[in-house]
Amino acid sequence: MALIVRGYKTELKLNNAQRTACLKHAGAARYAYNWGLRRYQEEREAGRKAPNAMSLHKELNALKQTELHWMYEVSKAAPQESLRDLEKAFRNFWKRCQKKKQGTFRGKLGFPRFKSKKRGIGSFRLTGTIHIGKDWVQLPRLGKLRLKEQGYLPTKGVHILSATVSERAGRWYVSVQVEEEHAEPGIALGETIGIDVGIKAMATLSDGRVFRNPKALGSHLKHLKRLCRQHARKQPGSKHRQKAARKLARLHAHIANLRKDTLHQVTSLIVAKTKPDQERPTCIVLEDLQVSGMVKNRKLSRAIVDVGFAEFRQQLDYKAKQAGSLIYTVSRWEPSSKTCSWCGWIDEDLTLSDRLFQCKECGYVIDRDLNAAINLALKAAG
């Protein structure tokens with residue numbers, strides 16, 4: 001048995017009083033983060049040592065008695081955990097700066113920014129006494145909150161670490177982080193599977209299975225453009241503009257949920273965690289794609305982002321680990337699509353528009369994506 005940390009997220013069913021209380025907690029967390037960021041900048045500009053989360057929290061507690069009486073209405077954990085998030089953000093920022101000097105990091109440094117309500121209500125994290133029932137969760141200062149989904153959150157045999165309440169497009173969610181024991185997965189003994197990811201088909205497997213791309217953004221693009229125009233036409237600061245913004249946010253959330261749900265279904269079918277050891281793939285082979293370089297193609301960038309390659313890889317990584325399968329990565333420069341999976345001949349003239357691979361050496365004809373998936377599986381076997 002292994003002790004692992006896992007998160008469970010589900011939607012809340014709040015009444016008006018509970019929604020107001022959650023808004024107060026989110027506002028307190030946002031205020032503490034911005035206040036801590038200002039204090040950090042002041043200390044750095046004055047040439048003094050940057051404060052840590054503990055010293056900032058002590059200073060904030062002193063201000064509660066004089067200037068911030070309204071903070072007594074919320075749990076002390078909300079601003080405290082927000083300051084810890086700020087400390088972690090700065091710690092990660094300085095790590096990226098160090099890697100930048102060493103030449104091992106090329107992205108943005110990501111200096112912590114002030115949080116704005118215009119970019120979203122945000123979230124807050126609570127610790128302490130947390131209880132979970134079949135259709136409710138009890139949080140400090142918030143009391144019992146009803147859940148829309150019953151029986152999903154674990155109620156027994158786990159140690160609850162924290163609970164994060166967040167809002168998105170008018171809906172409230174709770175994510176519970178727990179420590180629980182899991183049996184070590186048996187070693188998968190099935191066949192090796194090669195996966196070629198693409199735009200038309202989200203994933204083509206070497207065993208012949210093809211998972212179509214639902215095109216979450218593409219299928220809603222016309223509706224999205226219409227709502228964007230409606231939002232742009234409204235007077236800034238007006239109630240109608242806020243209403244249009246809520247409609248736009250709901251559509252964006254729907255598109256994101258549709259994409260994520262499809263990715264979860266596809267990755268779960270590939271890993272086959274619930275099946276016997278002989279039916280789970282021993283090894284899953286993928287290409288090491290550089291998505292940041294692929295999206296520079298202006299004609300394909302929207303379609304590439306719509307698939308969600310990074311999320312696909314992330315889900316496969318942790319699900320394969322839970323199922324006892326291995327993940328093998330092949331270099332992105334490997335000519336898997338141009339190589340004949342039957343005789344090994346390489347077609348240097350193959351283009352993206354060629355959907356069939358026709359070998360001029362042995363006459364083998366096969367779908368381009370399936371040919372690439374088979375070649376990836378052979379790489380792991382070889």
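Arg125 is partly exposed, at 21% relative accessibility (partly exposed lies between buried, under 20% relative accessible area, and exposed, over 50%; 1.4 Å probe, protein chains only). The model is predicted: local features need pLDDT of at least 70, side-chain atom pairs count only at pLDDT 80 or more, and totals for chains, interfaces and linings use all residues. Residues are numbered from 1 along each chain as its sequence is written, and side-chain values use heavy atoms, with hydrogens and water left out.

Arg125 forms a salt bridge with Asp85, with the closest N and O atoms 2.9 Å apart (a salt bridge is a side-chain nitrogen of Lys or Arg within 4 Å of a carboxyl oxygen of Asp or Glu). This pair links distant parts of the chain: Arg125 sits in strand S2 (residues 123-126) and Asp85 in helix H3 (residues 77-102), 40 residues apart. Helices (H or I, at least four residues) and strands (E, at least two) are DSSP runs, numbered from the N terminus. Asp85 is partly exposed, at 31%.

The structure holds 18 salt bridges. One of them joins the side chains of Glu11 and Arg171, at 3.8 Å, N to O. Glu11 lies in strand S1 (residues 2-13) and Arg171 in strand S7 (residues 171-182), so the pair ties together parts 160 residues apart in sequence. Glu11 is buried at 14%. Arg171 is partly exposed at 45%.

Glu42 and Arg39 also meet through their side chains in a salt bridge, at 3.0 Å, N to O. Both lie in helix H1 (residues 16-45), three residues apart, so about one helical turn separates them. Glu42 is partly exposed at 43%, whereas Arg39 is buried at 16%. Salt bridges with shared partners join Arg39, Glu42, Glu43, Arg48 and Glu59 into one network.
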